[in-house]
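I opened the model to look up two things.

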4 protein chains.
Amino acid sequence: MSVFGVFKCGNAAELTYYGLHALQHRGQEGCGICTTNGMELYRERGEGLVIEIFNEKKLTQLKGDCAIGHVRYSSAGGGVDNVEPFLFRHHTGDFSIALNGSLVNSNQLQMSLETQGSIFQSSSDAEIIAHLMKMNRIKDKTNAIEEVLTMIEGAYAFLILTKDKLYACRDANGLQPLSIGKRNGGYIVASETCAFEAVGATFVRDVNPGEMVIFEKGADPKSILFADKSSHKMCAMELVYFARPDSEIEGVNVHTFRKNCGKYLARLAPVEADLVMGVPDSSISGAIGYAEESGIPYEIGLIKNKYIGRTFIQPSQELREKGVRLKLSPVRSLITGKRVVLLDDSIVRGTTCKRIVRMLKSAGAKEVHVRICCPPMPHPCFYGVDTSAREELVSARLDVEGVRQMIEADSLFYLPEEYLRKAGNETGLCLACYNGEYPTRLY
Amino acid sequence: MSVFGVFKCGNAAELTYYGLHALQHRGQEGCGICTTNGMELYRERGEGLVIEIFNEKKLTQLKGDCAIGHVRYSSAGGGVDNVEPFLFRHHTGDFSIALNGSLVNSNQLQMSLETQGSIFQSSSDAEIIAHLMKMNRIKDKTNAIEEVLTMIEGAYAFLILTKDKLYACRDANGLQPLSIGKRNGGYIVASETCAFEAVGATFVRDVNPGEMVIFEKGADPKSILFADKSSHKMCAMELVYFARPDSEIEGVNVHTFRKNCGKYLARLAPVEADLVMGVPDSSISGAIGYAEESGIPYEIGLIKNKYIGRTFIQPSQELREKGVRLKLSPVRSLITGKRVVLLDDSIVRGTTCKRIVRMLKSAGAKEVHVRICCPPMPHPCFYGVDTSAREELVSARLDVEGVRQMIEADSLFYLPEEYLRKAGNETGLCLACYNGEYPTRLY
Amino acid sequence: MSVFGVFKCGNAAELTYYGLHALQHRGQEGCGICTTNGMELYRERGEGLVIEIFNEKKLTQLKGDCAIGHVRYSSAGGGVDNVEPFLFRHHTGDFSIALNGSLVNSNQLQMSLETQGSIFQSSSDAEIIAHLMKMNRIKDKTNAIEEVLTMIEGAYAFLILTKDKLYACRDANGLQPLSIGKRNGGYIVASETCAFEAVGATFVRDVNPGEMVIFEKGADPKSILFADKSSHKMCAMELVYFARPDSEIEGVNVHTFRKNCGKYLARLAPVEADLVMGVPDSSISGAIGYAEESGIPYEIGLIKNKYIGRTFIQPSQELREKGVRLKLSPVRSLITGKRVVLLDDSIVRGTTCKRIVRMLKSAGAKEVHVRICCPPMPHPCFYGVDTSAREELVSARLDVEGVRQMIEADSLFYLPEEYLRKAGNETGLCLACYNGEYPTRLY
Amino acid sequence: MSVFGVFKCGNAAELTYYGLHALQHRGQEGCGICTTNGMELYRERGEGLVIEIFNEKKLTQLKGDCAIGHVRYSSAGGGVDNVEPFLFRHHTGDFSIALNGSLVNSNQLQMSLETQGSIFQSSSDAEIIAHLMKMNRIKDKTNAIEEVLTMIEGAYAFLILTKDKLYACRDANGLQPLSIGKRNGGYIVASETCAFEAVGATFVRDVNPGEMVIFEKGADPKSILFADKSSHKMCAMELVYFARPDSEIEGVNVHTFRKNCGKYLARLAPVEADLVMGVPDSSISGAIGYAEESGIPYEIGLIKNKYIGRTFIQPSQELREKGVRLKLSPVRSLITGKRVVLLDDSIVRGTTCKRIVRMLKSAGAKEVHVRICCPPMPHPCFYGVDTSAREELVSARLDVEGVRQMIEADSLFYLPEEYLRKAGNETGLCLACYNGEYPTRLY
């Protein structure tokens, strides 16, 4: 998931369109844009890619120089009703909300709200935030949001748009990223900095953990720190897996982080081999780092088909068994008879990694040595990463040797936690899925 | 453009769907599939990507175990009427045709056919081949196609499907690629071998220059050599630019070819620099080769947005000037203050290369050294590559130093012809766009 | 607008599809269906005709043997967010609501709800009813709805679907129609009886004014009378204009009602003429009655194009002035040189009637005598009929002679109120738009 | 099927859009428009209704002040490739063709053309005409068309559009209608005059049997009579069934014709009954005539759902048996206990009529007396009317009493041929399907 906001930048809808397009890797299920021209809020949303949902006519109807947008990832609770931004009508002023992340106390909050008379039309935590704002009966929106921020817990970054203000809020541990950019006297807010480059904006700073930034006409952005105590615990998987290589997260360039992980793996787990390759796209940087450090040539041994869409017809079981492949292809002539080092970002259930090892072996690889750019993940994530079911986590069941056998690799090595931290310049990271140290309460 | 054929392989439509998807990089404008169950020919086509045009219902309606398919590249002569395969109804038997390439004597042939009473409903050379087949009044289709092959000149690979046969023809110079694969007792024919991997087929051999291969039930494939003299003059730009890195063309792996080009460039035109990068996607392999040979680190300095579609809304001139970017983004933190070696596959008009050099410099690059994976291209191509207008070719107007100034690079070096040949294992290549030696007559 | 409900009848989604299709004349802007299989509620909706929004795949996903559906009329507050049925999620049980009609105290209720913390996502009164149900904090849904029914005032007929019950409620004056039918042991509820014929159901009875009928598994439908006092004040315009001729409303067949109106007009306002015609479709029955009574031949003098859709391209002003016509065509050869009696259902602003009179005269009519099947309408409707703006009502400004001149007719006669009542068999009708006697409070 | 042409009338595409919309009752399967601005021909087509296929953007791209259009009826040879106008490219000048009708010697012509080298891409006779034009190798298009007109036989009306001319041709017997209208100094040509009213044109005259009219800039329309002998043998079913009631065909108003048929039926086959009704839409006029003549009241006893589309989901067999109805509904309260006279236009297979009689009886009709507005049809039509299979014609198998029993009517009467002629003012009609006297050779 991802949010993108525009404050006072000419055609806000069009900029949001390009910004969301740059953030599309964070969610392909649905997307939406809500704009305001200071008088009305306009909203358009749908299920599909940004380039599928919006056209010039729709962008023209989204009037104004302020906007928020969203791309949606999870298939949990599908349907267009769950596509953000949500738009709420109220006599004290309409408002719109877009959320990246997940509240850990959402069940408690929703039950309490329902008991007080709220009814819900979606399964998104963003609707909870909206109800909380109204249930407080605080007329001033800034105060109302401040009050809400004391009630919600979890990993979140959300934007609220009213007719005259844009609010950007980030959770007290900074679990979810949120950055501020500048463009022609106006402001851009985005989950990832790669979106700044797409719209010609320049990076200013990150929203701090536990900070709400208020953008208001004729005034400098105003910062409110709402958390009693805050910490830097950015989700490590953002660096390892989610983010685009050209983004800076907490001051760390994602490509460089991943390349460093690869270098450490080469030092810690060297192996005699003929070539290094990575699972595209997230493990390419790691493979390049491994190759550079080890002197083993880097090769493009796996090709990912880039013409992707939501409506792809899946090959039947029979065709899959006969080798029909949708997304990944091995480059047979590079692989046959070779000893391969395969970099992968992480192992969740182990099934994908096993499929790739088999694919390489059936393409003739003599040996496949798997190097993983993060530690084993035995602990579920409660902050939005889709690895919540403990029984699905192969590292909750098996030790490293067990996983190696399961994925049929000739060797397997995970990057230890300390090197992950080192690759991230010792910036504060949430490593809960590796070590079980959750930065928030759990419910 | 690209063709794909299936002979006697279970659900031919579905295999063609996956095969065309793997060939999608060769044409995104339109696509079509024609199948036969031995009794009828079924055809479906449309403007857009394979995953946009076909759905399960349409695939179900395309009955039979034989098929041909096509993806269309050129925007010249658009409209669904120009999307192949074409389907022709005739009392001697219906047939369908799909063509990759371009005839050099198409104007002469079409005029002659029209004078004899033919009328045309498209602007594709495939329709000329169909008219020639019929104008000869030879009832037997094999003889009719043989006769046609003596009349047409140019760079082509085409497939013809009848109720009981599949014909695969390649021009006398082998300018266009065409390969045969095997799958479960049936056959696959494709413009690029990467499609074999996608459908679980294994490579058998290339169709030879000047060869027609006939697939017929209950018999081995039959080969007919139709050309007085043939030669191996495969289009060099296939290796340099068009093909997917995982394809083998004339026995050469495309990724390895490109990596070798990069290595030669590193030897011939070394430079002191901090990092090497390539223009995605076609120049990545070259950049890796340059980095490996030179010892300068390879970095992902340019990111290409992979969520692409035909209906993308282009940013306005004003937004483009303010830095709104659709496809390519520079990774600012890697580039700022650095000396960059930039690998690009080729320079046609020079405008794209200039735009990228400027983008890197505006992202802070101290120096940009451009290395091109082929020689200068002062000569137009008459075989289907879209560089036909001489005035557009910057190398027809300017020498290397002139181009360097035009693209605002700090240095510029083109790979000499002999090294291109070496990278391709001295396989016969058409180098006409570099040296003006056209392997066919020109009209 | 119109509602349709199914209780325990096999494939409820499919029946609702056919039922809504039969009710399509009551609203073409949007439509939706919500079903339940006793465990989950499923909902699908969209902007457009029933046949445009639903396909077999969508109907299959709407599981269960109970359903409610809606077709939407008004363009006020457009967008798919306003298309019913609405679906609300709540820990005490999800529910769905579809409403035909309009509350007169909606502003008061919404303000009060918002003050208590409710937020609204649509501009439909159905959302108010849902919030009221929850705000009461009465856990039992039946009691909650009963409580709501004492709070809302206006003209309404609504359906509420829960996992195990279907509620059908009609306002205390019976301003909006709602009927119950039987089908194979299950029940159908619909705004108009023509929908019963479409799904093979038979009419049982009308829901009474001020009655809530509860359909529950394993029990007979249960009736609760919620109003202190109730009356029969069905909207007369239902009979005059909205309903399909094959419906029975309050025991009166719509076609027969309209034919009777025409007969009375023939008796009360005879004229020497050559032919009688009606404005299609709602005034055809009246014209037939006038012709039958007067002995003047009935002719099809105006043809309505039946291929209609939401996306029709409107002719430009220039083309309209040059006679380009979208919907209605005069039959020139019948009209030229003739004295015409033209039946129309009603006159609201007078512009349509004037355009038709002009059309007939320009097609050669010597005289046009207009006969209106109801009295003049000087009073706005507050119950959902789209004539609310007083300044638009031509009869609020002009007397009969004034209207005659304005519409350029040779004579004009309105059916007096008493004859309208007689045509409706003296059933209780709301005649407020004619005589200003509103059956509810106004706010 | 239907053709529509515009010559020198401002925005030709838009007028054709409205004209085809008025002709939509003649074909709902597909439609297309081809225009010219004197330099290029532009064409757009698709499967569906006019309002579905065209939008403002597409109309804008169809430039020029001349156009031809087509609506397609038959499902024989479906697919967009069979949707006209066809567009042919030729060095002597591109041209487009749209045809209403059917050639009787099409098989012979196509075989001869194929033997000479033609290949066909559709199954429409229009493509044959195009090939004949070119096969003649006559450079001048007027001469080429004249030559073609001596070769083709059948029932046809076709339009050919070149960059500077519009040709309108009608077969020698005038089996298919074609009329000329005037508009602002330009011309309109249409299969039915109702299209003139839609675009603000006025009727000038019919194209004569065996006439080609040539519209050319700066000259009066030129008439060429191409047939040795011609006759007036307009298809009687146009008047009986196909045409819209507001059209004039061969000087006869369609509604009046049908009303007269009804009157004759009342005189020839009176019956004691309570009400008269007609099967909508084509038999309404006949029923009104019967009622007027007999004094029995006319009632709207059958309602046709007007929200129709190509993609309607058909009710399952089970639902149909349980009374789910898609299109026609009986008005139960009018029918129960009544003796009904039912007017229908014709009886082909008898199945539809039987279904309606049963529907009326199950709605309570005491007696159903069927009156048919034309004679029995024992002979197949070879001119395009979809009754070609002899075994399907119930009157080829059964006499009148046999048909009466088959359709379960209480009485049945067909209008004799002489009265059909009388109703049509003794204009020359093709009555071949009634009497077997075919006006052309048959092959």
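In which sense do strand S21 and S22 of chain B pair, and over how many bridges? I find S21 (residues 367-372) and S22(B) paired in the parallel sense over 4 bridges. Strands here are DSSP runs (E, at least two residues; helices are H or I, at least four), numbered from the N terminus. Pairing takes at least two DSSP bridges. I noted that B:Ile372 has B:Tyr414 in S22(B) as its bridge partner.

Housekeeping: this is a predicted model, with local features needing pLDDT of at least 70 and side-chain atom pairs pLDDT 80 or more, while totals for chains, interfaces and linings use all residues. Residues are numbered from 1 along each chain, chains are lettered from A and ligands numbered from 1 as written, and side-chain values use heavy atoms, without hydrogens and water.

Next, the whole sheet. It is open, with 4 strands in the order S17-S20-S21-S22 (chain B) and parallel pairing. S17 (275-278) and S22 (411-414) of chain B are at the edges with a single partner strand each, so one side of each has no neighbour in the sheet.

Then I checked the chain contact. 25 residues of chain B touch 25 residues of chain D (contact: heavy atoms within 4.5 Å). I count 4 salt bridges between chain B and chain D (Lys or Arg side-chain nitrogen within 4 Å of an Asp or Glu carboxyl oxygen). One salt bridge joins the side chains of B:Arg45 and D:Asp81, at 3.0 Å, N to O. On the side of chain B that touches chain D, H5(B) gives the largest share, 5 residues.
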